[in-house]
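Trainee: Can we go through this one together? I would like to start with single residues and get to the whole chain later.
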Amino acid sequence: MSLDHYDTISPTARLVAEMRRYSDIPFAEEIAERIGAAEVVRGMLEGEAPAAELLCWMAPTLEARYKCVVEGIRTSGVKQVIELASGFSFRGDAMNQTASLRYLETDLAEMHETRLHLRDELRRDGVLAVQPHVVFAPLNAVEPDGALVARHLLPDEPVAVVHEGLLQYFSMDEKQRVALQVADILRRHGGVWLTPDFEVISGAALKHWTHPHFMRIHSAIARSTHRSLRGAAFTSVEEVERFLSGLGFQATPRPQIDGTFPLSSVGRVGTTPEQVELLRRDRLLWEIRLR
Ligand SMILES: C[S@@+](CC[C@H](N)C(=O)[O-])C[C@H]1O[C@@H](n2cnc3c(N)ncnc32)[C@H](O)[C@@H]1O
């Protein structure tokens, strides 16, 4: 597959941005509004507004996914971060409101241009402050670019490599290529790989995602990306551990929802305590280090 095919994955970032609108994640509302995220989601749903049953699962799932990465970075104590496939998360700006981090946010070249324009707009309108240590750069996560990493990260400082919502679209071979790139960065810098992306499709919560809107969203994603979210997924935690161990990593899975942050979307979209409990049991953040 030629490299520019990855651009077909980029619109999914608008779906994520729309779901974040129901949370207190910094800048979520302003970003979703400016990128027309609601229209994209309506398009996926063939003109319908998202059903309450869709929102009550997806909004807290994506809020927890974002926030557990923030918490993972904080508790790692690492002071520089490289994020792959950042999309519209703007986590570097959000975290630098309260911490001082060197934060390299990357995505595909075309998405990178879109993000630069959006950042300019948000700065012009006073939503974002100018943060000299938050750098945006183009990077294909399956194509190593040691020069780019060396240019932007301090050489003798450990790094947190993070991403969310990337590996789910990739074949095993592509997941492995990302892992090898991460291994190379960790070998040079030390540090940790933090990601919720090693999802396991046998999760208990997923069995409840039966509303037709889930199917429509899956079909819309499969049609536009030519990729199936389920096709190349892991089926068990042990399978993820074997995959990572075979590449020289030691992996520790932890619950994403661990009480360290509030799930603000729960009240707004009407997620029940039972639904939160299922998400708590299913959703994992992977803390991965070189052995
Ligand atoms: C579901 S979105 C997630 C975006 C962001 N992480 C978030 O949570 O808001 C998937 C992202 O992966 C990016 N992407 C797809 N293929 C990529 C690749 N080969 N290298 C880097 N980024 C890629 C897309 O441009 C898009 O921003």
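Trainee: Is Phe-27 buried or exposed?
Mentor: This is a predicted model, and in it Phe-27 has 10% relative accessibility. The cut-off for buried is under 20%, so Phe-27 counts as buried.

Trainee: Where is Phe-27 found?
Mentor: Phe-27 is in the loop between helix 1 (12-20) and helix 2 (28-34).

Trainee: And what about phi of Phe-27?
Mentor: Phi there is near 70°, which is positive, and Phe-27 is not a glycine. Most residues other than glycine have a negative phi.

Trainee: His-226 has a positive phi too, about what value?
Mentor: About 60°, and His-226 is not a glycine either. His-226 sits in the loop between helix 9 and helix 10 (237-246).

Trainee: Buried or exposed, that His-226?
Mentor: Exposed. The relative accessibility of His-226 is 59%, and the cut-off for exposed is over 50%.

Trainee: New topic, rings. How many aromatic pairs are there?
Mentor: The structure holds ten aromatic pairs. One of them joins Trp-57 and Trp-209, with ring centres 6.3 Å apart and planes at 40°, so that pair is tilted.

Trainee: Where in the chain are Trp-57 and Trp-209?
Mentor: In distant parts, 152 residues apart. Trp-57 belongs to helix 4 (residues 52-76), while Trp-209 is in the loop between strand 5 (191-195) and helix 9 (212-225). Both Trp-57 and Trp-209 are buried.

Trainee: What kind of pair do Phe-234 and Phe-243 make?
Mentor: Their ring centres are 5.4 Å apart and their planes are at 65°, so the pair is edge-to-face. Phe-234 and Phe-243 are both buried.

Trainee: Which residues do ring pairs link into a cluster?
Mentor: Trp-193, Phe-198, Phe-234, Phe-243, Phe-249 and Trp-286.

Trainee: Now the whole chain. How many helices and strands?
Mentor: Twelve helices and seven strands. The radius of gyration is 18 Å, close to the 19 Å that the globule rule gives for 291 residues, so the chain is as compact as a globular protein of that length.

Trainee: What share of the residues is buried?
Mentor: Buried residues are 53% of the 291.

Trainee: And contacts, what share joins residues at least 24 apart?
Mentor: 80%, counted among contacts between residues at least 6 apart in sequence.

Trainee: Last one, charges. How many positive and negative side chains?
Mentor: There are 33 positive and 40 negative side chains, and the centres of the two sets lie 2 Å apart.

How values were computed:
Residues are numbered from 1 along each chain as its sequence is written. Side-chain values use heavy atoms; hydrogens and water are left out. Helices (H or I, at least four residues) and strands (E, at least two) are DSSP runs, numbered from the N terminus. The radius of gyration is taken over C-alpha atoms; the globule rule is 2.2 Å times the number of residues to the power 0.38. Buried means under 20% relative accessible area, exposed over 50%, partly exposed in between (1.4 Å probe, protein chains only). Contact means heavy atoms within 4.5 Å. Lys and Arg count as positive and Asp and Glu as negative; His and the chain ends are not counted. The place of a charge is taken as NZ of Lys, CZ of Arg, CG of Asp or CD of Glu. Rings of Phe, Tyr and Trp (its six-membered ring) pair if their centres lie within 6.5 Å; planes under 30 degrees apart count as stacked, over 60 as edge-to-face and the rest as tilted.
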